[in-house]
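Please look at the sequence and structure below before reading on.

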Amino acid sequence: MEQIVNKSLLNATCDANDDAIAVINPATEQVVAYIPSISSSEILKLVEKSKQAQKLWQQKTAAERSKVLETWYQLMMDNADDLARIMTLEQGKPLAESKGEVNYGASFLKWFAEEGKRTYGEVIPEPASSKRIMTIRQPVGVAAAITPWNFPIAMITRKAAPALAAGCSFMVKPANQTPLSAYATAELAYQAGLPRDLLIVVNNHSSVAVGDIFCTHDDIKKLSFTGSTEVGRHLIKQSAETIKRTSMELGGNAPFIVFDDANIDDAVEGAIASKFRNAGQTCVCANRFYVQDAVYDEFVEKFTQAVAKLKVGDGLEEGVTIGPLVDSRAKESVMGYISTAIEQGAKVAMGGQGLDGLFVEPTVLTDVTQDMDIVQTELFGPVAPIVRFSDDQELVEKANDTIYGLASYFYTGSIPRAFHIAEQLEYGMVGINEGLISTEVAPFGGVKQSGFGREGAKQGIDEYLNIKYMCFGGL
Ligand code: SIN
(Lines give C-alpha, C1' and ligand atoms only; values in the text may rest on other atoms or scores of the structure.)
Protein backbone atom coordinates (compact mmCIF):
# COMPACT_ATOMS: atom_id res chain seq x y z
CA MET A 1 0.00 0.00 0.00
CA GLU A 2 3.06 2.27 0.28
CA GLN A 3 2.89 2.79 -3.48
CA ILE A 4 -0.47 4.58 -3.24
CA VAL A 5 0.19 8.32 -3.60
CA ASN A 6 -3.22 9.69 -2.55
CA LYS A 7 -3.52 8.21 0.94
CA SER A 8 -7.08 9.53 1.33
CA LEU A 9 -8.12 6.63 -0.94
CA LEU A 10 -7.27 4.31 1.95
CA ASN A 11 -9.35 6.23 4.52
CA ALA A 12 -11.65 3.27 5.12
CA THR A 13 -8.90 0.82 6.08
CA CYS A 14 -8.30 -0.02 9.73
CA ASP A 15 -5.72 -1.73 11.91
CA ALA A 16 -5.77 -5.50 12.27
CA ASN A 17 -8.23 -6.62 14.94
CA ASP A 18 -10.35 -9.71 15.61
CA ASP A 19 -13.34 -8.31 13.80
CA ALA A 20 -11.59 -6.71 10.80
CA ILE A 21 -11.84 -8.21 7.31
CA ALA A 22 -8.42 -9.04 5.83
CA VAL A 23 -7.93 -8.12 2.19
CA ILE A 24 -5.56 -10.52 0.45
CA ASN A 25 -3.39 -9.93 -2.61
CA PRO A 26 -4.08 -13.03 -4.74
CA ALA A 27 -0.66 -12.77 -6.40
CA THR A 28 1.23 -13.14 -3.12
CA GLU A 29 -1.53 -14.44 -0.80
CA GLN A 30 -0.39 -11.80 1.72
CA VAL A 31 -2.69 -9.41 3.58
CA VAL A 32 -2.60 -5.95 1.99
CA ALA A 33 -5.01 -4.14 4.33
CA TYR A 34 -7.88 -4.56 6.76
CA ILE A 35 -11.32 -3.04 6.65
CA PRO A 36 -13.95 -2.93 9.39
CA SER A 37 -16.84 -5.37 9.39
CA ILE A 38 -20.07 -3.39 9.84
CA SER A 39 -22.65 -5.05 12.10
CA SER A 40 -26.23 -5.70 11.01
CA SER A 41 -27.58 -3.21 13.56
CA GLU A 42 -25.24 -0.53 12.19
CA ILE A 43 -26.33 -1.34 8.63
CA LEU A 44 -29.96 -0.87 9.65
CA LYS A 45 -29.10 2.61 10.96
CA LEU A 46 -27.33 3.36 7.67
CA VAL A 47 -30.47 2.40 5.71
CA GLU A 48 -32.38 5.04 7.67
CA LYS A 49 -29.68 7.63 6.93
CA SER A 50 -29.76 6.69 3.27
CA LYS A 51 -33.53 7.13 3.22
CA GLN A 52 -33.32 10.61 4.73
CA ALA A 53 -30.52 11.65 2.38
CA GLN A 54 -32.49 10.47 -0.65
CA LYS A 55 -35.42 12.72 0.22
CA LEU A 56 -33.16 15.77 -0.09
CA TRP A 57 -31.25 14.50 -3.13
CA GLN A 58 -34.37 13.99 -5.20
CA GLN A 59 -35.21 17.64 -4.72
CA LYS A 60 -32.01 18.71 -6.46
CA THR A 61 -32.23 19.47 -10.14
CA ALA A 62 -30.85 16.97 -12.62
CA ALA A 63 -28.19 19.54 -13.50
CA GLU A 64 -27.05 19.77 -9.87
CA ARG A 65 -26.78 15.99 -9.61
CA SER A 66 -25.00 15.88 -12.94
CA LYS A 67 -22.35 18.31 -11.73
CA VAL A 68 -21.42 16.06 -8.81
CA LEU A 69 -21.14 13.02 -11.11
CA GLU A 70 -18.97 14.99 -13.55
CA THR A 71 -16.63 16.07 -10.74
CA TRP A 72 -16.49 12.49 -9.45
CA TYR A 73 -15.58 11.34 -12.98
CA GLN A 74 -12.77 13.89 -13.14
CA LEU A 75 -11.41 12.85 -9.75
CA MET A 76 -11.39 9.22 -10.88
CA MET A 77 -9.39 10.20 -13.93
CA ASP A 78 -6.98 12.25 -11.80
CA ASN A 79 -6.48 9.29 -9.46
CA ALA A 80 -6.52 6.57 -12.12
CA ASP A 81 -3.03 5.28 -11.37
CA ASP A 82 -3.70 4.86 -7.66
CA LEU A 83 -7.11 3.28 -8.25
CA ALA A 84 -5.59 0.83 -10.73
CA ARG A 85 -2.82 -0.12 -8.33
CA ILE A 86 -5.29 -0.71 -5.49
CA MET A 87 -7.35 -2.87 -7.83
CA THR A 88 -4.42 -5.00 -8.93
CA LEU A 89 -3.29 -5.42 -5.33
CA GLU A 90 -6.61 -6.85 -4.17
CA GLN A 91 -8.00 -8.42 -7.34
CA GLY A 92 -4.90 -9.58 -9.20
CA LYS A 93 -5.66 -8.38 -12.74
CA PRO A 94 -2.70 -6.95 -14.67
CA LEU A 95 -2.16 -3.24 -14.10
CA ALA A 96 -3.00 -2.34 -17.71
CA GLU A 97 -6.36 -4.11 -17.31
CA SER A 98 -6.97 -2.35 -14.00
CA LYS A 99 -6.35 0.99 -15.71
CA GLY A 100 -8.76 -0.07 -18.43
CA GLU A 101 -11.34 -0.86 -15.77
CA VAL A 102 -10.87 2.51 -14.04
CA ASN A 103 -11.61 4.21 -17.38
CA TYR A 104 -14.53 1.87 -18.05
CA GLY A 105 -15.91 2.42 -14.53
CA ALA A 106 -15.54 6.19 -14.74
CA SER A 107 -17.23 6.25 -18.15
CA PHE A 108 -20.55 5.37 -16.48
CA LEU A 109 -20.30 8.49 -14.31
CA LYS A 110 -19.83 10.71 -17.33
CA TRP A 111 -22.54 8.94 -19.31
CA PHE A 112 -25.18 9.08 -16.59
CA ALA A 113 -24.26 12.64 -15.65
CA GLU A 114 -25.77 13.38 -19.08
CA GLU A 115 -28.54 10.77 -19.13
CA GLY A 116 -29.85 12.06 -15.79
CA LYS A 117 -30.86 15.24 -17.62
CA ARG A 118 -33.01 13.26 -20.05
CA THR A 119 -35.41 11.36 -17.82
CA TYR A 120 -38.32 12.72 -19.82
CA GLY A 121 -41.99 12.16 -19.13
CA GLU A 122 -44.75 12.21 -21.75
CA VAL A 123 -47.92 14.03 -22.61
CA ILE A 124 -50.41 11.48 -23.89
CA PRO A 125 -53.29 12.38 -26.25
CA GLU A 126 -56.37 12.56 -24.03
CA PRO A 127 -59.21 9.99 -24.31
CA ALA A 128 -61.83 12.68 -23.37
CA SER A 129 -61.88 16.43 -23.95
CA SER A 130 -62.24 17.07 -20.20
CA LYS A 131 -58.98 15.28 -19.42
CA ARG A 132 -55.24 15.73 -19.91
CA ILE A 133 -52.78 12.93 -19.29
CA MET A 134 -49.10 13.10 -18.56
CA THR A 135 -46.36 10.95 -17.07
CA ILE A 136 -43.33 11.84 -15.01
CA ARG A 137 -40.46 9.61 -13.94
CA GLN A 138 -39.38 9.64 -10.33
CA PRO A 139 -36.53 7.98 -8.42
CA VAL A 140 -37.42 4.64 -6.80
CA GLY A 141 -35.87 5.74 -3.45
CA VAL A 142 -33.08 3.87 -1.70
CA ALA A 143 -31.31 1.56 -4.16
CA ALA A 144 -28.98 -1.19 -3.00
CA ALA A 145 -26.44 -3.27 -4.87
CA ILE A 146 -24.34 -6.34 -4.32
CA THR A 147 -21.30 -6.32 -6.58
CA PRO A 148 -18.66 -8.90 -7.52
CA TRP A 149 -14.87 -9.09 -7.15
CA ASN A 150 -14.10 -9.45 -10.86
CA PHE A 151 -14.82 -5.78 -11.68
CA PRO A 152 -14.36 -4.06 -8.31
CA ILE A 153 -15.02 -0.54 -9.66
CA ALA A 154 -17.01 -0.81 -12.88
CA MET A 155 -19.78 -2.97 -11.44
CA ILE A 156 -20.31 -0.34 -8.73
CA THR A 157 -20.27 2.75 -10.95
CA ARG A 158 -22.45 1.04 -13.58
CA LYS A 159 -25.17 0.86 -10.90
CA ALA A 160 -24.37 3.86 -8.68
CA ALA A 161 -24.17 6.39 -11.52
CA PRO A 162 -27.70 5.81 -12.91
CA ALA A 163 -29.12 5.49 -9.39
CA LEU A 164 -27.64 8.79 -8.22
CA ALA A 165 -28.38 10.55 -11.50
CA ALA A 166 -32.01 9.47 -11.18
CA GLY A 167 -32.24 10.91 -7.65
CA CYS A 168 -31.89 7.70 -5.64
CA SER A 169 -29.52 7.10 -2.77
CA PHE A 170 -27.24 4.11 -3.12
CA MET A 171 -25.92 1.46 -0.74
CA VAL A 172 -23.44 -1.11 -1.94
CA LYS A 173 -22.00 -4.31 -0.59
CA PRO A 174 -18.80 -5.00 -2.57
CA ALA A 175 -17.26 -8.47 -2.54
CA ASN A 176 -15.20 -9.12 0.59
CA GLN A 177 -12.21 -9.94 -1.65
CA THR A 178 -12.17 -6.45 -3.23
CA PRO A 179 -13.55 -3.78 -0.87
CA LEU A 180 -10.60 -1.38 -1.17
CA SER A 181 -11.48 -0.32 -4.72
CA ALA A 182 -15.07 0.30 -3.61
CA TYR A 183 -14.06 2.47 -0.67
CA ALA A 184 -11.49 4.37 -2.74
CA THR A 185 -14.08 5.08 -5.45
CA ALA A 186 -16.62 6.20 -2.85
CA GLU A 187 -14.02 8.45 -1.20
CA LEU A 188 -13.63 10.31 -4.49
CA ALA A 189 -17.40 10.72 -4.72
CA TYR A 190 -17.40 12.41 -1.29
CA GLN A 191 -14.52 14.64 -2.38
CA ALA A 192 -16.63 15.51 -5.45
CA GLY A 193 -19.32 16.85 -3.12
CA LEU A 194 -21.65 13.86 -2.78
CA PRO A 195 -23.08 13.71 0.77
CA ARG A 196 -21.75 10.59 2.50
CA ASP A 197 -25.20 9.18 3.26
CA LEU A 198 -26.05 9.09 -0.45
CA LEU A 199 -23.36 6.54 -1.19
CA ILE A 200 -22.79 4.04 1.57
CA VAL A 201 -20.38 1.11 1.28
CA VAL A 202 -20.97 -1.73 3.73
CA ASN A 203 -19.03 -4.88 4.40
CA ASN A 204 -19.59 -7.64 6.86
CA HIS A 205 -17.85 -10.99 7.30
CA SER A 206 -21.14 -12.49 6.29
CA SER A 207 -22.26 -11.44 2.83
CA VAL A 208 -25.47 -13.31 3.58
CA ALA A 209 -26.25 -11.01 6.52
CA VAL A 210 -25.99 -7.93 4.30
CA GLY A 211 -27.95 -9.63 1.51
CA ASP A 212 -30.74 -10.43 3.99
CA ILE A 213 -31.07 -6.77 4.94
CA PHE A 214 -30.92 -5.53 1.35
CA CYS A 215 -33.58 -8.01 0.21
CA THR A 216 -36.01 -7.80 3.09
CA HIS A 217 -35.85 -4.15 4.23
CA ASP A 218 -38.97 -2.33 3.18
CA ASP A 219 -37.19 1.03 2.84
CA ILE A 220 -34.86 -0.40 0.20
CA LYS A 221 -36.88 -0.13 -2.97
CA LYS A 222 -34.51 -1.62 -5.48
CA LEU A 223 -31.83 -4.30 -5.51
CA SER A 224 -29.31 -4.66 -8.31
CA PHE A 225 -27.05 -7.70 -8.26
CA THR A 226 -24.13 -8.86 -10.36
CA GLY A 227 -22.94 -12.37 -9.59
CA SER A 228 -23.79 -16.01 -10.02
CA THR A 229 -27.14 -17.34 -11.18
CA GLU A 230 -27.36 -19.45 -8.04
CA VAL A 231 -27.04 -16.45 -5.71
CA GLY A 232 -29.30 -14.33 -7.95
CA ARG A 233 -32.04 -16.94 -7.72
CA HIS A 234 -31.80 -16.83 -3.93
CA LEU A 235 -31.88 -13.02 -3.80
CA ILE A 236 -34.96 -12.89 -6.05
CA LYS A 237 -36.76 -15.29 -3.70
CA GLN A 238 -35.78 -13.23 -0.66
CA SER A 239 -36.85 -9.98 -2.33
CA ALA A 240 -40.30 -11.37 -3.06
CA GLU A 241 -41.46 -10.63 0.49
CA THR A 242 -41.18 -6.86 -0.03
CA ILE A 243 -42.07 -7.00 -3.77
CA LYS A 244 -38.77 -5.29 -4.40
CA ARG A 245 -37.70 -4.23 -7.86
CA THR A 246 -34.65 -6.22 -8.81
CA SER A 247 -32.24 -6.36 -11.70
CA MET A 248 -29.96 -9.30 -12.10
CA GLU A 249 -26.76 -9.60 -14.12
CA LEU A 250 -25.98 -13.27 -13.61
CA GLY A 251 -23.81 -16.04 -14.97
CA GLY A 252 -22.91 -16.66 -18.60
CA ASN A 253 -21.72 -19.47 -20.82
CA ALA A 254 -20.67 -17.51 -23.90
CA PRO A 255 -20.18 -19.45 -27.13
CA PHE A 256 -17.41 -18.15 -29.41
CA ILE A 257 -18.08 -19.39 -32.94
CA VAL A 258 -15.69 -19.39 -35.88
CA PHE A 259 -17.30 -20.04 -39.27
CA ASP A 260 -15.42 -21.37 -42.29
CA ASP A 261 -15.60 -17.97 -44.04
CA ALA A 262 -14.13 -16.03 -41.12
CA ASN A 263 -10.87 -14.13 -41.14
CA ILE A 264 -8.97 -16.50 -38.84
CA ASP A 265 -6.37 -13.97 -37.70
CA ASP A 266 -9.14 -11.61 -36.58
CA ALA A 267 -10.94 -14.50 -34.89
CA VAL A 268 -7.79 -15.45 -32.99
CA GLU A 269 -7.28 -11.88 -31.84
CA GLY A 270 -10.92 -11.61 -30.70
CA ALA A 271 -10.71 -15.01 -29.00
CA ILE A 272 -7.64 -14.04 -26.96
CA ALA A 273 -9.27 -10.78 -25.85
CA SER A 274 -12.59 -12.37 -25.03
CA LYS A 275 -11.27 -15.53 -23.34
CA PHE A 276 -8.32 -14.26 -21.33
CA ARG A 277 -9.50 -10.85 -20.13
CA ASN A 278 -9.19 -10.88 -16.34
CA ALA A 279 -7.74 -14.44 -16.51
CA GLY A 280 -11.06 -15.65 -17.87
CA GLN A 281 -12.94 -14.37 -14.83
CA THR A 282 -15.75 -12.37 -16.41
CA CYS A 283 -19.39 -13.24 -17.07
CA VAL A 284 -18.93 -12.35 -20.74
CA CYS A 285 -15.69 -14.26 -21.37
CA ALA A 286 -15.81 -16.75 -24.23
CA ASN A 287 -16.56 -19.95 -22.34
CA ARG A 288 -16.65 -22.56 -25.14
CA PHE A 289 -15.40 -22.37 -28.71
CA TYR A 290 -17.14 -23.83 -31.77
CA VAL A 291 -14.98 -23.97 -34.87
CA GLN A 292 -16.19 -25.18 -38.27
CA ASP A 293 -14.49 -28.23 -39.86
CA ALA A 294 -12.71 -26.46 -42.71
CA VAL A 295 -10.91 -23.97 -40.45
CA TYR A 296 -10.62 -26.06 -37.29
CA ASP A 297 -6.93 -27.02 -37.64
CA GLU A 298 -5.85 -23.55 -38.76
CA PHE A 299 -7.72 -21.86 -35.89
CA VAL A 300 -6.41 -24.28 -33.26
CA GLU A 301 -2.83 -23.85 -34.46
CA LYS A 302 -2.91 -20.04 -34.60
CA PHE A 303 -4.89 -19.72 -31.37
CA THR A 304 -2.50 -22.01 -29.51
CA GLN A 305 0.48 -20.00 -30.78
CA ALA A 306 -1.17 -16.80 -29.55
CA VAL A 307 -1.96 -18.34 -26.14
CA ALA A 308 1.69 -19.37 -25.80
CA LYS A 309 2.65 -15.68 -25.87
CA LEU A 310 0.55 -14.80 -22.80
CA LYS A 311 2.62 -14.07 -19.71
CA VAL A 312 1.39 -15.31 -16.34
CA GLY A 313 2.46 -13.48 -13.18
CA ASP A 314 1.88 -10.80 -10.59
CA GLY A 315 -0.25 -8.12 -12.24
CA LEU A 316 2.09 -5.39 -10.98
CA GLU A 317 4.97 -6.78 -13.06
CA GLU A 318 5.70 -5.29 -16.46
CA GLY A 319 4.41 -7.34 -19.39
CA VAL A 320 2.16 -9.69 -17.40
CA THR A 321 -1.08 -10.45 -19.24
CA ILE A 322 -2.62 -13.11 -16.99
CA GLY A 323 -2.83 -12.61 -13.24
CA PRO A 324 -3.75 -15.11 -10.53
CA LEU A 325 -7.24 -16.45 -9.91
CA VAL A 326 -9.01 -14.63 -7.13
CA ASP A 327 -8.72 -17.27 -4.39
CA SER A 328 -7.99 -20.94 -3.73
CA ARG A 329 -11.62 -21.96 -4.23
CA ALA A 330 -11.54 -20.46 -7.72
CA LYS A 331 -8.32 -22.28 -8.57
CA GLU A 332 -9.62 -25.64 -7.28
CA SER A 333 -12.77 -25.23 -9.30
CA VAL A 334 -10.91 -24.44 -12.56
CA MET A 335 -8.44 -27.30 -12.05
CA GLY A 336 -11.41 -29.62 -11.42
CA TYR A 337 -13.04 -28.59 -14.72
CA ILE A 338 -9.80 -29.26 -16.61
CA SER A 339 -9.29 -32.73 -15.11
CA THR A 340 -12.93 -33.75 -15.65
CA ALA A 341 -12.72 -32.66 -19.30
CA ILE A 342 -9.56 -34.73 -19.78
CA GLU A 343 -11.22 -37.75 -18.14
CA GLN A 344 -14.15 -37.29 -20.52
CA GLY A 345 -11.86 -37.34 -23.60
CA ALA A 346 -10.60 -33.77 -24.18
CA LYS A 347 -6.97 -33.37 -25.32
CA VAL A 348 -4.61 -30.73 -23.90
CA ALA A 349 -3.23 -28.63 -26.76
CA MET A 350 -1.60 -26.14 -24.38
CA GLY A 351 -1.22 -25.66 -20.61
CA GLY A 352 -3.50 -27.66 -18.34
CA GLN A 353 -1.45 -27.30 -15.16
CA GLY A 354 -1.89 -25.34 -11.97
CA LEU A 355 1.15 -23.21 -11.12
CA ASP A 356 2.42 -22.07 -7.71
CA GLY A 357 0.05 -19.98 -5.64
CA LEU A 358 -3.21 -19.05 -7.31
CA PHE A 359 -1.91 -19.11 -10.88
CA VAL A 360 -3.16 -21.43 -13.63
CA GLU A 361 -1.55 -21.98 -17.02
CA PRO A 362 -3.59 -20.61 -19.92
CA THR A 363 -5.09 -23.79 -21.31
CA VAL A 364 -6.43 -24.92 -24.68
CA LEU A 365 -8.46 -28.14 -24.82
CA THR A 366 -9.35 -29.75 -28.15
CA ASP A 367 -11.57 -32.73 -29.10
CA VAL A 368 -14.19 -31.33 -26.76
CA THR A 369 -17.76 -32.49 -27.35
CA GLN A 370 -21.12 -30.99 -26.48
CA ASP A 371 -21.90 -33.62 -23.83
CA MET A 372 -18.81 -32.83 -21.71
CA ASP A 373 -19.35 -31.04 -18.40
CA ILE A 374 -16.94 -28.27 -19.40
CA VAL A 375 -19.32 -27.12 -22.15
CA GLN A 376 -22.19 -26.66 -19.73
CA THR A 377 -20.28 -24.91 -16.94
CA GLU A 378 -19.32 -21.29 -16.42
CA LEU A 379 -15.54 -21.78 -16.14
CA PHE A 380 -14.32 -18.45 -14.76
CA GLY A 381 -10.73 -19.30 -15.61
CA PRO A 382 -8.12 -19.20 -18.40
CA VAL A 383 -9.34 -22.34 -20.12
CA ALA A 384 -10.54 -22.57 -23.75
CA PRO A 385 -12.41 -25.77 -24.68
CA ILE A 386 -12.81 -26.16 -28.48
CA VAL A 387 -15.64 -28.10 -30.13
CA ARG A 388 -15.68 -28.89 -33.87
CA PHE A 389 -18.89 -28.40 -35.88
CA SER A 390 -20.07 -28.87 -39.48
CA ASP A 391 -23.54 -27.47 -39.99
CA ASP A 392 -24.88 -23.96 -39.13
CA GLN A 393 -28.22 -25.15 -37.81
CA GLU A 394 -26.65 -27.81 -35.62
CA LEU A 395 -24.29 -25.11 -34.36
CA VAL A 396 -27.11 -22.76 -33.36
CA GLU A 397 -28.77 -25.55 -31.39
CA LYS A 398 -25.53 -26.33 -29.57
CA ALA A 399 -24.80 -22.67 -28.87
CA ASN A 400 -28.29 -22.20 -27.40
CA ASP A 401 -28.16 -25.44 -25.42
CA THR A 402 -27.57 -23.81 -22.02
CA ILE A 403 -29.57 -22.20 -19.25
CA TYR A 404 -27.51 -19.03 -19.78
CA GLY A 405 -28.03 -16.18 -22.25
CA LEU A 406 -25.61 -13.35 -21.55
CA ALA A 407 -22.93 -12.82 -24.23
CA SER A 408 -22.12 -14.68 -27.45
CA TYR A 409 -19.60 -14.11 -30.23
CA PHE A 410 -19.11 -15.25 -33.78
CA TYR A 411 -16.80 -14.58 -36.72
CA THR A 412 -17.92 -14.77 -40.33
CA GLY A 413 -17.22 -13.00 -43.61
CA SER A 414 -20.82 -13.30 -44.77
CA ILE A 415 -23.42 -10.59 -44.13
CA PRO A 416 -26.46 -12.91 -44.62
CA ARG A 417 -24.93 -15.43 -42.22
CA ALA A 418 -24.20 -12.66 -39.72
CA PHE A 419 -27.86 -11.62 -39.65
CA HIS A 420 -29.23 -15.19 -39.51
CA ILE A 421 -26.96 -16.30 -36.73
CA ALA A 422 -27.21 -13.10 -34.66
CA GLU A 423 -31.00 -13.29 -34.75
CA GLN A 424 -31.11 -16.93 -33.73
CA LEU A 425 -28.68 -16.76 -30.82
CA GLU A 426 -30.63 -16.66 -27.54
CA TYR A 427 -28.37 -14.12 -25.85
CA GLY A 428 -28.72 -10.55 -24.62
CA MET A 429 -25.48 -9.52 -26.38
CA VAL A 430 -23.82 -10.69 -29.57
CA GLY A 431 -20.32 -9.76 -30.74
CA ILE A 432 -20.04 -10.14 -34.53
CA ASN A 433 -16.40 -10.17 -35.63
CA GLU A 434 -15.70 -8.58 -32.25
CA GLY A 435 -14.44 -10.09 -28.99
CA LEU A 436 -14.87 -7.09 -26.67
CA ILE A 437 -18.40 -5.77 -26.37
CA SER A 438 -18.49 -3.89 -23.06
CA THR A 439 -19.09 -0.14 -23.30
CA GLU A 440 -21.11 2.41 -21.35
CA VAL A 441 -23.12 3.36 -24.45
CA ALA A 442 -24.70 -0.08 -25.07
CA PRO A 443 -27.25 -1.96 -22.95
CA PHE A 444 -25.48 -4.70 -21.02
CA GLY A 445 -27.57 -7.64 -19.82
CA GLY A 446 -28.81 -11.12 -20.40
CA VAL A 447 -31.81 -13.32 -21.11
CA LYS A 448 -32.79 -16.76 -19.79
CA GLN A 449 -31.07 -17.54 -16.47
CA SER A 450 -28.44 -14.87 -17.09
CA GLY A 451 -30.91 -12.41 -15.63
CA PHE A 452 -32.92 -9.35 -16.53
CA GLY A 453 -32.55 -5.59 -16.56
CA ARG A 454 -30.04 -3.57 -18.54
CA GLU A 455 -27.03 -1.57 -17.39
CA GLY A 456 -25.37 1.34 -19.18
CA ALA A 457 -26.84 2.97 -22.28
CA LYS A 458 -30.01 5.04 -22.19
CA GLN A 459 -31.87 2.07 -20.69
CA GLY A 460 -29.69 1.81 -17.56
CA ILE A 461 -31.37 4.68 -15.74
CA ASP A 462 -34.86 3.18 -16.17
CA GLU A 463 -33.94 0.59 -13.55
CA TYR A 464 -33.95 3.36 -10.92
CA LEU A 465 -37.09 5.24 -11.98
CA ASN A 466 -40.79 4.71 -11.44
CA ILE A 467 -43.30 6.01 -13.96
CA LYS A 468 -46.14 8.06 -12.49
CA TYR A 469 -49.18 8.74 -14.63
CA MET A 470 -51.19 11.87 -13.80
CA CYS A 471 -54.70 12.38 -15.09
CA PHE A 472 -56.03 15.95 -14.95
CA GLY A 473 -59.84 15.89 -15.08
CA GLY A 474 -62.67 18.43 -15.10
CA LEU A 475 -61.10 20.59 -17.81
C1 SIN B 1 -19.07 -9.05 -15.70
O2 SIN B 1 -18.26 -9.95 -15.86
O3 SIN B 1 -19.97 -9.17 -14.87
C4 SIN B 1 -19.03 -7.74 -16.44
C5 SIN B 1 -18.15 -7.73 -17.57
C6 SIN B 1 -18.14 -6.42 -18.32
O7 SIN B 1 -18.77 -5.43 -17.94
O8 SIN B 1 -17.46 -6.40 -19.34
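## The largest pocket

The lining of the largest pocket is made up of 17 nonpolar, 15 polar and seven charged residues. The model is a predicted one. The space in this largest pocket comes to about 1200 Å³. Its lining has 39 residues, and those closest to the centre of the pocket are W149, G227, S228, V231 and R329.

Several elements contribute to this lining. At least two residues each come from α7 (207-216), β8 (220-226), α8 (229-239) and α11 (328-343). The largest share belongs to α8, which gives seven residues to the lining of the largest pocket.

## The cavities

The model holds four cavities of 30 Å³ or more. The largest cavity has a volume of about 70 Å³. It is lined by 13 residues, with F151, M155, R158, E249 and F444 closest to its centre. By type, the lining of the largest cavity consists of six nonpolar, four polar and three charged residues.

The second largest cavity has a volume of about 40 Å³. Among the residues that line this second cavity are G252, N253, K275, G280, T282 and C283. The lining also includes C285, A286, N287, E378, L379 and F380. Its residues divide into five nonpolar, five polar and two charged.

## The ligand and its surroundings

Where does the ligand sit? The ligand is placed in the largest cavity. Around the ligand there are 13 residues, of which Y104, R158, R277, C283 and S438 come nearest. This shell divides into six nonpolar, four polar and three charged residues.

## Polar contacts and cover

For R158, the distance from a polar side-chain atom to an oxygen atom of the ligand is 2.9 Å. For N150, the corresponding distance is 3.2 Å. On its own, the ligand has 260 Å² of accessible area, and the protein covers 100% of this area.

Technical notes:
Residues are numbered from 1 along each chain as its sequence is written. This is a predicted model: local features need pLDDT of at least 70, side-chain atom pairs count only at pLDDT 80 or more; totals for chains, interfaces and linings use all residues. Side-chain values use heavy atoms; hydrogens and water are left out. On a 1 Å grid over the protein atoms alone, a cavity is a set of points where a 1.4 Å probe fits but cannot get out, and a pocket is an open set with protein on both sides within 12 Å along at least five of seven lines; lining residues have an atom within 4 Å of a point. Grid points are joined across faces, edges and corners, and a volume is the space filled by probe spheres set on the points. Helices (H or I, at least four residues) and strands (E, at least two) are DSSP runs, numbered from the N terminus. Ala, Val, Leu, Ile, Met, Phe, Trp, Tyr, Cys and Pro count as nonpolar, Asp, Glu, Lys and Arg as charged, and the others, Gly among them, as polar. A residue is near a molecule or strand if one of its heavy atoms lies within 4 Å of it. A polar contact is a pair of N or O atoms within 3.5 Å; within protein, one must be able to donate a hydrogen and the other to accept it, and residues adjacent in sequence count only if both atoms are side-chain atoms. Accessible areas come from the Shrake-Rupley method with a 1.4 Å probe; for residues, only the protein chains shown count as cover. A molecule sits in a cavity or pocket if more than half of its atoms lie within 2 Å of its grid points.
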